[in-house]
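Subject: Structure handover

Hello,

Here is the structure you asked about. Please open it beside this email and follow along.

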Amino acid sequence: MQQKIIIIGAGAAGLFCASILGQNGFNVTVIDNGKKVGRKILMSGGGYCNFTNLNIDAGNYLSNNPHFCKSALKRYTQWDFIQLVNQYQIAYHEKEHGQLFCDVSAQNIVDMLLNECHKGHVTLKMQTELLDLKQTESGFLLDTSHGPISANKVIVATGGLSMPRLGTTPIGYKIAERFHLPVTPIRAGLVPFTLQPTLLDILSQLAGISVFANVSVKHQQFKGNVLFTHRGLSGPAILQISSYWQAGDIVHINLVPDLDLADFFDQQREQAANQQLKTILAKILPKRLIEVLIELHIIEDITLKQLNLKQQSQLIEQLYDWQIIPNGTEGYRTAEVTLGGVSTDALSSKTMASKSIPDLYFIGEVVDVSGWLGGYNFQWAWSSAYACASEIINE
Ligand code: FAD
């Protein structure tokens with residue numbers, strides 16, 4: 001009798017896995033609680049889906065076991081996915097740092113996945129929520145909002161908790177716990193910071209302004225834009241560092257990462273010593289930021305001539321290392337990813353199969369593997385889906 005495979009979640013990982021299995025002759029059904037497939041894909045990359053990155057490396061991922069993602073990423077690489085995108089003649093471009101985006105719309109990627117599923121005669125059951133999963137003699141019994149479904153194999157591709165308005169649920173983690181598989185603590189990643197009310201009062205004047213900076217927490221650093229918002233700090237460099245931030249950690253912001261400030265002040269003293277310090281700094285920083293830094297007593301409202309060398313070195317230190325302790329993050333509401341998840345200790349890195357429960361698999365974001373901003377999370381979805389599907393095909 002043909003094996004019945006149920007995949008829970010019609011997102012990036014679930015659809016891709018279903019399409020490969022379906023095209024290899026398996027009887028595959030994907031269930032999803034939403035109305036539309038691939039809702040996160042449609043929202044991703046500002047509607048243009050940053051579907052992979054030219055530079056994929058295990059170092060771009062966070063996990064309790066940094067080696068876990070290596071095997072899957074090697075077996076199905078960014079080049080493999082790009083080849084599929086090329087087959088569909090989907091136009092795309094590199095934005096920066098190897099990030100590949102669709103030229104026209106993220107819908108192209110969803111249509112491609114749907115077409116691949118169609119080729120494999122995959123059944124899609126939308127608006128069907130998985131409520132519980134039990135093991136039976138022949139496999140599993142799924143308790144869904146549309147009644148029970150039996151399956152020989154179950155692939156959990158339920159994603160994380162970010163963007164709850166898309167109908168995210170913690171069922172993937174609950175299934176793991178029900179089967180006594182460890183789940184590492186989960187929290188929001190790639191997420192803006194909130195600030196203490198007093199600091200926010202001052203910094204929110206800068207809402208809409210961004211500066212190119214080097215942002216670091218402990219030993220991790222990212223260069224990129226920092227955006228001031230009405231709620232706190234955002235922008236690519238902040239989102240990236242947020243995944244490495246723990247409550248109470250200091251965020252170090254180098255506001256002039258590409259400039260030798262000592263040289264800059266030496267030159268300015270020769271040319272414009274009588275000018276106001278803020279006028280001179282306006283050559284390298286936004287004026288409104290300078291006003292705010294004056295309010296915060298980081299910059300003094302004096303002329304350059306009045307700035308003595310001790311004050312100058314203090315100022316240089318502060319501009320190279322503006323220290324902020326965020327109040328917290330905006331949480332899952334605006335996060336792009338959920339850090340943590342089903343522990344890699346419980347899964348085979350080659351197949352994504354649970355080590356202790358035969359025929360139960362976890363793929364995509366529900367696993368404790370989270371990527372940086374820049375297409376890394378989708379590549380993990382594709383690669384982990386492929387690892388799982390090829391294991392089942394080769395069984
Ligand atoms: P998902 O795509 O989240 O799919 C999980 C599916 O499971 C969902 O359809 C959900 O409805 C369904 N589900 C959940 N619970 C149940 C249940 N109980 N019953 C039935 N179905 C259920 N990554 C990038 O690499 N590049 C980007 O440009 C990018 N942009 C992003 C922008 C935003 C706004 C967000 C929120 C994320 C972005 N990401 C991006 C991250 C990326 O979208 C995810 O990492 C990726 O979608 C994870 O794929 P997945 O298949 O594991 O989970």
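Is K278 buried, partly exposed or exposed? K278 is partly exposed, because its relative accessible area is 27%. Buried would need a value under 20%, and exposed a value over 50%. Keep in mind that this is a predicted model.

Now for its partner. K278 and D301 form a salt bridge through their side chains, with an N to O distance of 3.7 Å. The pair links distant parts of the chain, 23 residues apart. K278 sits in helix 10 (residues 277-281). D301 lies in the loop between helix 11 (287-295) and helix 12 (309-320). D301 has a relative accessible area of 45%, so D301 is partly exposed.

Next, look at D32 and R39. Their side chains also meet in a salt bridge, at 3.7 Å from N to O. D32 has 10% relative accessibility, so D32 counts as buried. R39 reaches 24%, so R39 counts as partly exposed.

Then find E330 and R333. They form a salt bridge too, and their closest N and O atoms are 3.7 Å apart. E330 counts as buried, because its relative accessibility is 12%. R333 counts as partly exposed, because its value is 46%.

One group goes beyond a pair. D132, K134 and R178 are linked in a network of salt bridges.

How many salt bridges does a search of the whole structure find? The search finds twelve. Those described above are among them.

Best wishes

Definitions and conventions:
Residues numbered from 1 in each chain as written. Predicted model: local features only at pLDDT ≥ 70, side-chain atom pairs only at ≥ 80, totals over all residues. Heavy atoms only, no water. Salt bridge = Lys/Arg side-chain N within 4 Å of Asp/Glu carboxyl O. Buried < 20%, exposed > 50% of the residue type's maximum accessible area, 1.4 Å probe, protein only. Helix = DSSP H or I, 4+ residues; strand = E, 2+ residues; numbered from the N terminus.
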